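Here are my notes from going through the two chains.

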Amino acid sequence: MSKSKLHVATTINGDSVEFLCEPQQTLLDVLRDELHLTGSKEGCASGDCGACSVTFDGRLVCACLVLAVESNGHKVETIEGMADGENLHPLQEKFLEHSALQCGICTPGILVAAKALLDIDPDPTETRVRYWLAGNLCRCTGYDKIVRAVLDAAAEMRAN
Amino acid sequence: MATSTKSVSESNDYKWVGTSQVRPDGVDKVTGRASFGADLYAPNMLVGKILRSPHPHARIVSMDISKAEALSGVKAVVNKDDICDLPSEMVPAGEMMVNYRDITRNVMAREKALYEGHAVAAVAAISESIARKALSLIDVEYEVFPHVIDVVDAMKPDAPLLHEDLITAGVEPAPEKPSNIAKRMEFSQGDCQAGFAAADVIVEREFTTKPVHQGYIEPHACLANVAEDGKAELWCTTQGHFIARGHCAKLLGMDISKLRVTASEIGGGFGGKTVVYLEPVALALSRKAGQPVKMVMTREEVFRASGPTSGAHMRIKMGATKDGRITAADALLHYQAGAFPGSPVQLGCMCAFAPYDLENVRTVGYDVVVNRPKVAAYRAPGAPIAEYAAECVVDELAKKIGIDPLEMRLQNAAKEGTQTVYGPKFGPVGLVETLEAAREHPHYRAPLGKNQGRGIASGFWFNIGGESCATLNLSEDGTAHLVVGTPDIGGSRASLCQMAAEELGIDLDKVHPIIGDTASLGYTFLTGGSRATFATGMAVVEAARDVIDKMRERVAKTWDIPVDAVVWEQGFARPASSNAGAFEPMSIAEIAAMANKTGGPLVGNAAINAQGAGPSFGTHIVDVEVDTETGQVKILRYTAIQDAGKAVHPSFVEGQMQGGAVQGIGWALNEEYVYGEDGKLQNAGFLDYRIPVCSDVPMIDTVIVEVPNPTHPYGVRGVGETPIIPPMAAITSAIEQAIGIRFNELPMSPPKVLAAIEASNSAVADAAE
């Protein structure tokens, strides 16, 4: 293993960020362990649970499947960038209103994934929401209230 | 697709109880702020990793840690010599009991490694990559023994022995030879022989279920910090930080009060976080290294080394008269305990037939050790397995007799006064009400198409009370901090604050909850047994009434009238009547502001051992469609009905019902531990251990029935566990209606369903030739 660390310059939630990382470190490792952006969670480290969902140049990815060095020169958005100052994103508001979380560990990833859906489809069907979120595991809710919250947020965003 | 609540009690005029408010910790959890087990970082922190046995059954002949210790960046290496050996001592863990002799051996193998993934040593190093390298430098010499994975095989006389000194308990006279059967138990009432003799129809079936994992999305994680003087701090994801404290102190040989444990936010538990795995090891590493040590399991480690629930082999026999009265019920249950004794088979014996008012019952259970990870509690531990089998037989009995399975259940339903096989008679319970709600639900009469079927099943769970403390600290402005000791796993902060606000008569946003650490609050049992809103709720109500009484005393002193002449109404102290005097009512804010002049700080306390938990019954209706070309079973429609006693926060009660139903769907259709001939787990990841995903399920409709629990001030029953019980039997019944094939094993995964369809088709073809 090389002892030298690699220099990476990236943009996270709109801010220019530079860091040093080992070549094998994932974007999730760096977000959490180096930058302490712990809103992205590690549930599996194999791309199966979606708890580390972030967007990479606008595209939904699992941060555990992206190497940190790959983010050089790219734009990453995490859950920490979703609220606008004191104003929660409508999805965040609707998740609270619908009690769409129990333990809350999957919530950041699901919110990031849902926002990525509404960015490309402001009026998704229930089926589209369910298939889009099929990569985000939730063990607490049975998904019912999550799907309702996403549909309600979409409706509200269309109305405004 | 609407959700409804049916209350059998008079409607209560509450402001907060019975309403679904935004949870106080909600914003933290939708913004990524909330700190879970792996989210804490300490200065000078090391990374801890565990070395695990590659063998399912092996004696540890020798271990050489010197090369790992010598690696640059390694600060500590520990093994069994750093954890106390403990004698046999049973202690409660949720609804189950655990033995310290076994906990210490499960946390770190001593004489033998008893399952693939069993911890044998651990290291702490300055980075994860160095820690992993150090693990590879530990030399362990194993003497590999034959292993046994299946419960039936493990009971055979020539089976490989896990524990050479394990003599079956509960058998008279005690066997002379050791075996893998840890315990036999029996519950009975009436005369089963006479009951079966009186039956017109008897159904007897054998059932097999596979171990399933709780599947919490957050892996086990902790951060331990032991100082040079032995004082220690532990941050961990746990359902009970007081339990974790007790276990860790015992395993490390330290005074309990020298260890302060803080519960992180918890990313799911379902019973699986009621025991310790990493925590004592992290403390041992930190003690040796003199630095903080953080440990986080990988998902693979969660599957291989933390506890699923039991797989089982069962035989159920039930008889009924032709008009539908059940005359006898007999169950024989064999549950896998994993590597150490202590499966939930006793709870299975107690629950199996609990939904029915029966004269003649016998349940016999065997607790059997196998070379698998030690089972842990999983949502109504033991009940879903036994009740699945019993409910399948009830369904088959009804169909044989020609009665609607729902009517058969109504005819035999347990109700107030029903004698249970395990001892007590039921108080007011709501099974009949859930069955009636099912019968009235439009779902029960909706038309079905080709290859579609409908099933129903009921479920019972005891629920528990237990030790809980609560403190209400009134601030100078009349707002309050509510300190409780049950980690919030699904919204309990909201339900507890709503009860506090209701009692105090103030707005909900004036009550701010925290989960106190083990040094800031009295001993509180864990979040489990569906007890948080019930038992901690009782403590919160008592703490609120305590501070209200103190405020009444202060006001009585100020007004110079007897305290009995001051009443508390809607957030104000008022004169009890005009006879008491004409005083302007005083608000909490006013009373708090003058506290320093009337006697000092205003604090409400409660330290209780809550008794009188009310059992919760549920009934589920499910529609399925079977794809006869692939064997896939699709859930078309689902309705969960349950007695909540009183739903303090209806939306979170619905959430428990929906989440439990979907976990049960996973148990019924996909989830199982798959082992190879080599005794190693083959599907230790979420790709191959497939829990339900969003596109697998429809909306889960709910009906909350409210039959109040008379021992709780608001009528609360626990609700969290019951909903995982009915799905497996309901789905079995629905599949039978859809394709005419009745399964007696779980999971009913596509390959098994397809094989059964093909076997059935070829049998039909053979018959036609």
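**Notes on the model**

1. Strand S25 covers residues 586-587 of chain B, and S24(B) pairs with S25(B) in the antiparallel sense over 2 bridges. Keep in mind that this is a predicted model.

2. S24(B) also has a partner in S23(B). Strand S23 (residues 566-569) and strand S24 (residues 572-575) of chain B run antiparallel to each other, with 4 bridges between them. If you want one pair to click on, B:Trp568 is bridged to B:Ala573 in S24(B). The hairpin these strands make has 2 residues between the strands, and B:Gln570 takes a positive phi near 45 degrees there.

3. Next, the open sheet in chain B. How many strands form this sheet, and in what order? There are 7, arranged S4-S8-S2-S15-S12-S13-S14, and the pairing is mixed. The edge positions belong to strand S4 (74-78) and strand S14 (259-263) of chain B; each has a single partner strand, so one side of each is left without a neighbour in the sheet. On average, neighbouring strands of this sheet are turned by 20 degrees against each other, direction ignored. As a reminder, strands of a sheet pair through backbone hydrogen bonds, either parallel or antiparallel.

4. One pairing from that part of chain B is worth a look. S12 (residues 221-226) and S13 (residues 232-236) of chain B pair in the antiparallel sense, and 5 bridges link them. Among the residues involved, B:Ala224 has B:Leu234 in S13(B) as its bridge partner.

5. Now for where the two chains touch. Chain B puts 43 residues into the contact and chain A puts in 44 residues. On the chain B side, the elements giving two or more residues are helix H1 (26-31) and helix H18 (650-669). H18(B) supplies the largest share of that side, 7 residues. Sorted by class, the chain B side that touches chain A holds 21 nonpolar, 17 polar and 5 charged residues.

6. Over to chain A, which the domain assignment divides into domain 1 (6-81) and domain 2 (90-159). Taken over C-alpha atoms, the centres of domain 1 and domain 2 of chain A are 22 Å apart. Their contact uses 13 residues from domain 1 and 11 residues from domain 2 of chain A. Which strand gives the most to the domain 1 side? That would be strand S3 (residues 53-56) of chain A, with 3 residues. By class, the domain 1 side that touches domain 2 of chain A has 6 nonpolar, 6 polar and 1 charged residues.

7. Last, a helix pair in chain A. The axes of helix H2 (residues 90-97) and helix H3 (residues 107-120) of chain A come within 10 Å and cross at roughly 130 degrees. That angle makes H2(A) oblique to H3(A), and the crossing of H2(A) and H3(A) is right-handed. From H2(A), the residues A:Leu91, A:Gln92 and A:Phe95 meet A:Thr107, A:Leu111, A:Ala114 and A:Lys115 of H3(A). The contact of H2(A) with H3(A) comes out as 4 nonpolar, 2 polar and 1 charged residues.

Methods:
Residues are numbered from 1 along each chain as its sequence is written. Chains are lettered from A and ligands numbered from 1 in the order in which they are written. This is a predicted model: local features need pLDDT of at least 70, side-chain atom pairs count only at pLDDT 80 or more; totals for chains, interfaces and linings use all residues. Two strands pair if DSSP finds at least two bridges between them. Axes are lines fitted to C-alpha atoms, for helices over the stretch in contact, and angles run from 0 to 180 degrees between N-to-C directions. Two residues are in contact if their C-beta atoms, placed from the backbone, lie within 7 Å. Ala, Val, Leu, Ile, Met, Phe, Trp, Tyr, Cys and Pro count as nonpolar, Asp, Glu, Lys and Arg as charged, and the others, Gly among them, as polar. Angles under 35 degrees count as roughly parallel, over 145 as roughly antiparallel, 65 to 115 as roughly perpendicular and the rest as oblique. A crossing is left-handed if the near helix is turned anticlockwise from the far one by less than a right angle, and right-handed if clockwise. Domain bounds come from an automatic or database domain assignment.
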